[in-house]
Amino acid sequence: MRSFAIIGAGFFGLHIAAQIRRRFARAQVEIFEMESGALGGAATNNQCRLHLGFHYPRSGYTIYQSVMGFDRYVAAYGECVTDIRENLYAVRCDGLVSAEQYLAVMDAFSLPYEIVADKSWLRTPEKIDLVLRVGEKCIDPQKLQRRIGALPDVRLRCGVQIDAIDADSGRIFSRGVELGRYDIVVNATYLDPNLGLPPGSGFPLKHELTALVLCRTSLPAHSALTVMDGPFASVYPAYGGLHTLSSVVHTPFRTYTDAQALYADYPRRRALAEADQVRERIVAHVQSLMDVAAEPFDLWVSAKTKLATEKGDSRVTEVKRVGRLFSVLCGKLDAVFSTSDQIMLEIT
Ligand SMILES: Cc1cc2nc3c(=O)[nH]c(=O)nc-3n(C[C@H](O)[C@H](O)[C@H](O)COP(=O)(O)OP(=O)(O)OC[C@H]3O[C@@H](n4cnc5c(N)ncnc54)[C@H](O)[C@@H]3O)c2cc1C
């Protein structure tokens with residue numbers, strides 16, 4: 001009987017575990033999660049945007065990934081996805097791309113949009129060159145939790161932080177204690193894709209603690225507003241008529257070059273966000289750009305890991321294999337399919 005250990009019960013870990021379970025009916029599949037339950041990290045504390053590419057005018061790679069992942073996401077997790085009736089993107093005159101460049105990129109990928117005249121929601125309409133209505137959708141994190149949070153015939157072992165993986169033998173360890181030996185280990189921790197990779201073969205990484213403000217706003221439930229491209233902000237539907245507010249400037253509120261430093265701060269991430277007054281900063285930034293009333297309801301704090309060498313606004317997703325270990329650098333949610341396809345191809 002083949003044995004699989006997945007480290008991290010986020011969206012990537014759970015999705016990959018479900019694929020393995022489906023393909024290898026008799027296999028032993030275990031997920032190790034350091035928190036008290038599944039989907040407590042970035043998987044549900046993100047902006048819930050099912051991207052089509054409009055957010056990434058400086059990265060054809062990321063647009064391509066979104067285009068390829070969008071339909072597959074809807075097909076696989078359709079019951080967790082909601083349409084957004086009025087989803088507007090405003091392109092600033094003083095942003096990182098001009099309106100002409102923005103449209104040229106979206107046209108190159110044949111992304112459907114409608115140019116609209118409505119600038120009434122913008123504080124400084126004179127700084128806006130272009131407003132588009134787009135067809136991106138949102139992911140309901142509560143529905144996602146119900147859909148994938150508990151997988152049949154997959155053992156979820158919570159409260160266990162894996163701190164070492166031997167890629168050659170497939171052994172995994174927590175606090176110096178060996179927890180088992182597996183045919184295949186998948187590192188889907190998001191916080192440290194380099195865990196278990198031999199020195200010199202890891203990803204060059206940077207890490208952030210991030211926050212979004214969950215709010216009741218003056219917007220209708222199924223409306224989304226984004227100002228781009230550069231140090232701007234957005235308001236996106238979450239669930240139950242609530243929206244999240246995010247700010248390119250204030251959402252990442254602590255940065256790290258070392259995963260161990262991120263792990264040290266992670267348990268007190270919420271207190272750190274409160275201490276840094278991130279909630280107030282994000283709300284103020286959003287309201288400096290958009291005419292939106294917001295009553296904060298909660299703060300979603302999680303971590304993000306990216307390539308330190310990232311170019312433009314790319315969000316790279318990549319899998320490295322060493323021995324029995326697959327290590328996943330997670331980009332965006334819609335990239336989960338190419339990731340699991342690659343792993344499944346190699347282990348079948
Ligand atoms: C602020 C923000 C906004 C975002 N917005 C979007 C968006 O709108 N659309 C989009 O597509 N993507 C978005 N993303 C990216 C998306 O959230 C991530 O790509 C995705 O959630 C990462 O994979 P995951 O779900 O598996 O991560 P996580 O949910 O973080 O899962 C990793 C799990 O591993 C556990 N873990 C970590 N280390 C260990 C260890 N050593 N041992 C055991 N368990 C461990 C963690 O506790 C966690 O449960 C956003 C990310 C952030 C941070």
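The briefing below goes through these topics in turn. This is a predicted model, in which local features need pLDDT of at least 70 and side-chain atom pairs count only at pLDDT 80 or more, while totals for chains, interfaces and linings use all residues. Residues are numbered from 1 along each chain as its sequence is written.

**Ligand shell**
- The ligand is surrounded by 36 residues, of which Gly-8, Gly-10, Gly-41, Ala-43 and Asn-46 are the closest; a residue is near a molecule if its C-beta atom, placed from the backbone, lies within 6 Å of it.
- At least two residues of this shell come from each of helix 1 (11–23), strand 2 (28–33), strand 14 (205–217) and strand 19 (294–307), where helices (H or I, at least four residues) and strands (E, at least two) are DSSP runs, numbered from the N terminus.
- Helix 1 supplies the largest share of the shell, 3 residues.

**Helix 7**
- Helix 7 (residues 278–289) has 12 residues and reaches 17 Å from its first C-alpha to its last, close to the expected 16 Å, which is 1.5 Å times one less than its number of residues.
- Val-278, Arg-279, Ile-282, Val-283, His-285, Val-286 and Leu-289 are buried in helix 7, where buried means 20 or more other C-beta atoms within 10 Å of a residue's own, exposed 12 or fewer, and partly exposed in between, with C-beta atoms placed from the backbone.
- These residues lie on the same side of helix 7, because they cover an arc of only 160 degrees around the axis, taken from the directions from the helix axis to the C-beta atoms.

**Backbone positions in loops**
- The peptide bond from Met-228 to Asp-229 is cis, with omega near 5 degrees, and Asp-229 is in the loop between strand 15 (223–228) and strand 16 (233–237).
- Tyr-190, although not a glycine, has a positive phi of about 65 degrees; Tyr-190 sits in the loop between strand 13 (184–187) and strand 14 and counts as buried, with 22 C-beta neighbours inside 10 Å.
- Gln-277, also not a glycine, has a positive phi of about 55 degrees; Gln-277 is in the loop between helix 6 (269–275) and helix 7 and is exposed, with 12 other C-beta atoms within 10 Å.

**Nonpolar core**
- In the largest nonpolar core, of 98 residues, Ile-6, Val-185, Val-186, Val-235, Leu-245 and Val-286 touch the most other members; such a core is a set of buried Ala, Val, Leu, Ile, Met, Phe, Trp, Tyr and Cys residues joined through C-beta atoms within 7 Å.
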